[in-house]
Amino acid sequence: MGSMSYLSVIESYHDNKAVVHDLVSSILTGISVPDLFLQVGAEADVLRDISVHYPFVELLYTLDDKGVQISENYTYTKEGVGVLPGAKNTNRSQRPYFKLANSEKDIDITSPYMSSATGHLCLSAAIKYTDETGELKGFLVIDIHLTILLSFYEEMSYAVKQPRYLAQCIALWC
């Protein structure tokens, strides 16, 4: 995909919005486990596991039911999983992803915006976490590096049409 301007990234996002949302929803559903709310540091393990297959997931964190961040920002870079300190206990109740997540839907995904944590054009996706009685306990949030996701999608779309290239892509991304 090469170097893309913000406008071309947003245009590509709109052209592929349904696929992007389906992929992000699938990832979020697959990683939403109670351990993220019950076990300290479980976020790092989950991010480490998914980043192998989905290198565009750049942040993962949890919020309580009021929108206060209860974990640090766990981030994935070429060096591996790390922590962007200082985010824990921040009130995120006014952020678009928290307002969306309080809707009736189980998963909500924002429109593209500039991440205050990484400076990248991103999407945030949030899923509700409820306990066994159905009581809302919090939200799992992931931030998606939009440019990397669209590059990933473009490479995979091309690879499906080119069998030899598919093997190279799988080796590169998986």
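Two strands are said to pair if DSSP finds at least two bridges between them. Helices (H or I, at least four residues) and strands (E, at least two) are DSSP runs, numbered from the N terminus. The structure is a predicted model, in which local features need pLDDT of at least 70 and side-chain atom pairs count only at pLDDT 80 or more, while totals for chains, interfaces and linings use all residues. Residues are numbered from 1 along each chain as its sequence is written, and side-chain values use heavy atoms, with hydrogens and water left out.

**Figure 1. Overview of the protein, with seven helices and seven strands.** Along the sequence, the elements follow the pattern α-α-α-α-β-β-β-α-β-β-β-β-α-α. Of the 174 residues, 43% count as buried (under 20% relative accessible area, with exposed over 50% and partly exposed in between; 1.4 Å probe, protein chains only). Among contacts (heavy atoms within 4.5 Å) with a separation of 6 or more, 53% are between residues 24 or more positions apart.

**Figure 2. Strand 6 (residues 121–130) and its pairing with strands 4 and 5.** Eight of the ten residues of strand 6 are buried, so this strand is largely enclosed by the rest of the structure. Strand 5 (residues 113–114) pairs with strand 6 in the antiparallel sense over two bridges, and methionine 114 has leucine 121 as its bridge partner. Six residues separate the two strands in their hairpin, where glycine 119 in the turn has a positive phi of about 80°. Strand 4 (residues 107–109) also runs antiparallel to strand 6, joined by three bridges; here isoleucine 107 stands opposite isoleucine 127.

**Figure 3. The hairpin of strand 6 and strand 7.** Strand 7 (residues 136–145) runs antiparallel to strand 6, and nine bridges join them. Tyrosine 129 has glycine 138 of strand 7 as its bridge partner. Five residues lie between the strands, and glycine 134 takes a positive phi near 90°.

Figure 4. Glutamine 69 counts as buried, because its relative accessibility is 0%. Its side chain reaches the backbone oxygen of serine 71 at 3.0 Å. A polar contact of 2.8 Å joins the side chains of glutamine 69 and asparagine 73 (a pair of N or O atoms within 3.5 Å; within protein, one must be able to donate a hydrogen and the other to accept it, and residues adjacent in sequence count only if both atoms are side-chain atoms). Beyond its neighbours within four places in sequence, glutamine 69 is in contact with residues including Tyr61, Leu63, Ala87, Asn89 and Arg92.

**Figure 5. The largest pocket, with about 240 Å³ of space.** A pocket is an open set of points on a 1 Å grid over the protein atoms alone, where a 1.4 Å probe fits, with protein on both sides within 12 Å along at least five of seven lines; lining residues have an atom within 4 Å of a point. The volume is the space filled by probe spheres set on the points. Twelve residues line this pocket, and Pro55, Tyr76, Thr77, Lys78 and Ile148 lie nearest its centre. Strand 2 (residues 73–77) gives the most to the lining, with three residues.

**Figure 6. The second largest pocket, with a volume of about 170 Å³.** Its lining has 13 residues, and Val40, Gly41, Glu43, Ile70 and Ser71 are the closest to its centre. Helix 3 (residues 35–38) gives the most to this lining, with three residues.
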